Amino acid sequence: MQLLRYSAGAICILLGGLVFFVHTDRQFINLTPGEGAGLLQTIRSEEVYEQTFQTRGQTISKIGAYLVPVNANAKTSQAVITISLFAGADQIATADIPVSLINNSGPSFVRLDVPSNKNEDITLRISALPDAHGLIALQKRQFDETFSQQTILFTIDGEKQDYAIGYTVYENIWPPFVQQLGGILVCAGLVLVMWNLVQQARNMTSILLLLYIALLYAAPSLKTYPSFFPAVAILIVAFWAVLRISGRTTIAATFGAFVFVCSTWLPLYFITNGTAEGILSVRDALIDPNQISVSHGGGGYVGISGALFAVVGICIWIYRLATRKLVVTQLDSAVAFLFVVSFYITFIPSPIHHYKAIILVVGCIAWFASLSFDSMQRFLGLRDMFVQTLLVLLLAIFLLDFMNITARTFAYGIGI
């Protein structure tokens, strides 16, 4: 048994380490061109076409311009269109696109893998040698309410134009989900390998695991919101302690702490600096995974899993009330009253409406979700190792869901 545990632990650590090396491309700029022959700019060999954009410190993995052949000779031509990137006066990358491979099905890409600095202006330069003269055209886009001339600059031979060209840029990222999945696998492996020590110091191990999970959860914010991790760490340990004191099992208290602290109300509060306004629907605030600062500034994603467990927990509380277990349900009844009041303040138009009450709503949902998880665990058996293992796996799946939503919130909620 001990050998099996060590082997499983080693496999988890190995898999977690391998997952850590996974990187991928993510689009962070996509300016699609307009339609019509009037929005084409034929590339001439004697002209240089430049468009400037700003980065946020990304590693630019590939960049593409919306090009289209405008001459029948383009399909058989051996010529190339040159795409270069400049940081100020310094050329930082260059690559060629064969004219024969350009079609009108989308942007034509080159791979560059160029690091950039935060808020750095990068210039995309497009040029052609004489043998490519007049074969290819840039697809243009007129300025509108979605972007202005203050955010983008396109020039021909240094002369500012009244439009922009369509282009798209990808960055090379280490996906937060990959970091978090790898981190959880490594953590699981270490727990298995050090199982005897874990059993001797359960509470201390639980607190250390909560802090480790808080670090994984806050990983997408470490560069942009360094104070987010301390806030998460303090709240997750505090809420877990409250649930443990109220009688929840360690796993049930951990689940409740996840639902409360890993809800997106906290990242959205940081992103919006606590200034978001408006009344949201219950679905938008609690269930919709697209939690962004513009439309969901007061969101509190608990997901379908958190909501279902909370509903079951409320049913358990009602059943205990009906069977006159009043002493057992005193604290649950107080939380239920707080839930009704905070729900009304958050979602119902009234003179006392305030979106920040979503924090209390999520806290109450987490309380009843934890009650449900606790009851399920006790019903299935507290000493059944197989059951406990399944519950831990279920907990990890829920956690990854919360982590993934928050990572998306940080990526898109601040306009990256």
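Buried here means under 20% relative accessible area, exposed over 50%, and partly exposed in between, using a 1.4 Å probe and protein chains only. This is a predicted model, where local features need pLDDT of at least 70 and side-chain atom pairs count only at pLDDT 80 or more, while totals for chains, interfaces and linings use all residues. Residues are numbered from 1 along each chain as its sequence is written, and side-chain values use heavy atoms, leaving out hydrogens and water.

**View 1. The whole chain, before we zoom in.** Of the chain's 416 residues, 49% count as buried. There are 12 helices and 14 strands to find; these are DSSP runs numbered from the N terminus, with helices (H or I) of at least four residues and strands (E) of at least two. The C-alpha trace spans about 90 × 65 × 35 Å along its principal axes. The radius of gyration is 27 Å, whereas a compact globule of 416 residues would come out near 22 Å. That radius is taken over C-alpha atoms, and the globule rule is 2.2 Å times the number of residues to the power 0.38.

**View 2. Two domains.** Domain 1 covers 24-173 and domain 2 covers 201-414, with bounds from an automatic or database domain assignment. Their C-alpha centres lie 45 Å apart.

**View 3. A four-stranded open sheet.** Follow the strands in the order β1-β14-β4-β8, with antiparallel pairing. Two strands count as paired if DSSP finds at least two bridges between them. β1 and β8 stand at the edges with a single partner strand each, so one side of each has no neighbour in the sheet. On average, neighbouring strands here are turned by 25 degrees against each other, direction ignored; the axes are lines fitted to C-alpha atoms. Inside the sheet, β4 (residues 59-65) and β14 (residues 167-173) pair in the antiparallel sense over six bridges. One spot to look for is A65, whose bridge partner in β14 is Y167.

View 4. D25 sits in strand β1 (residues 24-31) and R111 in strand β8 (residues 108-115), 86 residues apart. D25 counts as partly exposed because its relative accessibility is 24%, and R111 is partly exposed too, at 47%. Look for D113 as well: D25, R111 and D113 are linked in a network of salt bridges.

**View 5. E50 meets R125.** These side chains form a salt bridge, 2.6 Å from N to O. E50 belongs to strand β3 (residues 49-56) and R125 to strand β9 (residues 118-128), so the pair links distant parts of the chain, 75 residues apart. With a relative accessible area of 28%, R125 is partly exposed.

**View 6. R283 and D284 side by side.** The side chains of R283 and D284 meet in a salt bridge of 3.7 Å, N to O. R283 is exposed at 52% relative accessible area, while D284 is partly exposed at 26%.

**View 7. Helix α4, end to end.** Buried residues in α4 are T205, S206, L210, I213, A214, L216 and Y217.

Methods:
A salt bridge is a side-chain nitrogen of Lys or Arg within 4 Å of a carboxyl oxygen of Asp or Glu. Axes are lines fitted to C-alpha atoms, for helices over the stretch in contact, and angles run from 0 to 180 degrees between N-to-C directions.
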